[in-house]
Amino acid sequence: MIKSMTVEKSALWLLSTAAAMSLVIAQIDVPFEDTSVTFNMPYATMEFPTFEENHAAGGDIWFQFKTTAEDGVMLHCTGHYQFIEVLLLREKTIKFNYDIGWGTKTLSNLADSPLNDDQWHTVHVKKNRTHASMKLDDFKEVFNNYAENSATLDLNSPLYIGGAYRMHDYRGFVGCLRALHVNGKLMNMAAKLREEDVFGIFNGCVEKCESKPNCHYGEPCYPYYYCDCSFSPWRKSNCGHEAGVNLKNDSMVRYEFDATTSLSASSIQHVSLGFSTKFRRGLLMQIKSIETSDYISIEMNNNGGVKIVFDVGFQREEVNTPNIGIDIADNQFHVVTAIISDKGHRVILQIDNYLAADVTIPLPDSADTILDKPKYLYVGNNDTTNTKFGFEGCIYSVQVDNISPLKGAFQVPRPFNLWLSGDVSRCVR
């Protein structure tokens, strides 16, 4: 009699699992490709509501993945003593680890060939009070059975998609995910990204760099899906998007230097940024010391050009672009470049490909031309300028040597050293 009941329950479990799979497929009313996202860094993470196991029906997670990485945590959710996680291990194995308070249990599916073949694969995991199961592609479903009326999962963290965490040393997932369903409900990762930026995650499934180098502007391409834009003002997975902000005259962006960047900022050699405005006023960029009133700034001037201003302790110096009868406050996009050399004695300032100002400032060799201990980099305005003189328009691709302060402006969470004040929105280029 006991054996008959066990067989009957197993049969019901198989039927419910198959039904759940059919339900997921039937409920996908959004094309798979419209739900795809790319994780291009192993610590990139997206958050969804806590995974809940219904006391009677249990719970399940269904998704598809595509990668060239050998390992990676795809999802996890934790409680005080319990957790679930799904990960790729050593190319061929998908593991479903969980703990309901009695120690870690594991379901594994070993594929015949590597799963990091840059093709889509399907994973479905399910957990209720008496069973847990996992199915990979068309391989045989694997099960764990345990005691009748066993405890349900009690989790309280968000459901994390991607990203490794403190419980072990596995890397986070790098590659593409799509069609994530939790308890039969679509968690549209692509739609979530359209509402907010998440660092290291991008809409669509991006081609892997190693098979088709697609990093823009000569940025290096790393294995898997990662183009390194670290030392450039470009962003997104292929370094093909420019980071920019739209500003009103009373708004600004403030970037605070940390110990790893202040040294390069104190010996500035190259500054470049793009802008668009219809007003001949405003601060484009300023670097300011915390201990003194010293600063270096690039500003609009009254002649329809730009100027660079130095006030770093010896005397105030100003270099303007040549007045060639062209007003660059024309609501079109322009790029200004400043090159500083000879310990601050020589300055080249240019807009687009127009005639550049090339000025040697007559100063004694003993003159202090270094901006000591810079603390803040401002874009659009600063803490002291009258707001009516603030810049109004778009500023993008700001780069001071190897620092690109605008890259994290709309990242979630925003970098701790970056503040947006006033009406600041994304500038699309």
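A charge sits over a ring if NZ of Lys or CZ of Arg is within 6 Å of the ring centre and within 35 degrees of the ring normal. To see one, select Lys192 and Phe48: the lysine lies over the ring face, 5.3 Å from the centre. Then pick Arg281, whose charged end sits over the ring of Phe279 at 4.5 Å from its centre.

A quick word before moving on: this is a predicted model, where local features need pLDDT of at least 70 and side-chain atom pairs count only at pLDDT 80 or more, while totals for chains, interfaces and linings use all residues. Residues are numbered from 1 along each chain as its sequence is written, and side-chain values use heavy atoms, with hydrogens and water left out.

Next, the aromatics. Rings of Phe, Tyr and Trp (its six-membered ring) pair if their centres lie within 6.5 Å; planes under 30 degrees apart count as stacked, over 60 as edge-to-face and the rest as tilted. That rule gives 6 aromatic pairs. Show Phe65 and Phe173, an edge-to-face pair with 6.4 Å between centres and 90 degrees between planes. Phe65 counts as buried (under 20% relative accessible area), because its relative accessibility is 0%. Phe173 is buried too, at 1%.

Last stop: select residues 270-276, strand β22, and 393-400, strand β31. These run antiparallel, joined by 5 bridges; strands are DSSP runs (E, at least two residues), numbered from the N terminus, and two of them pair if DSSP finds at least two bridges between them. Look for Ser276, which stands opposite Cys394 in β31.

Key:
Helix = DSSP H or I, 4+ residues; strand = E, 2+ residues; numbered from the N terminus. Buried < 20%, exposed > 50% of the residue type's maximum accessible area, 1.4 Å probe, protein only.
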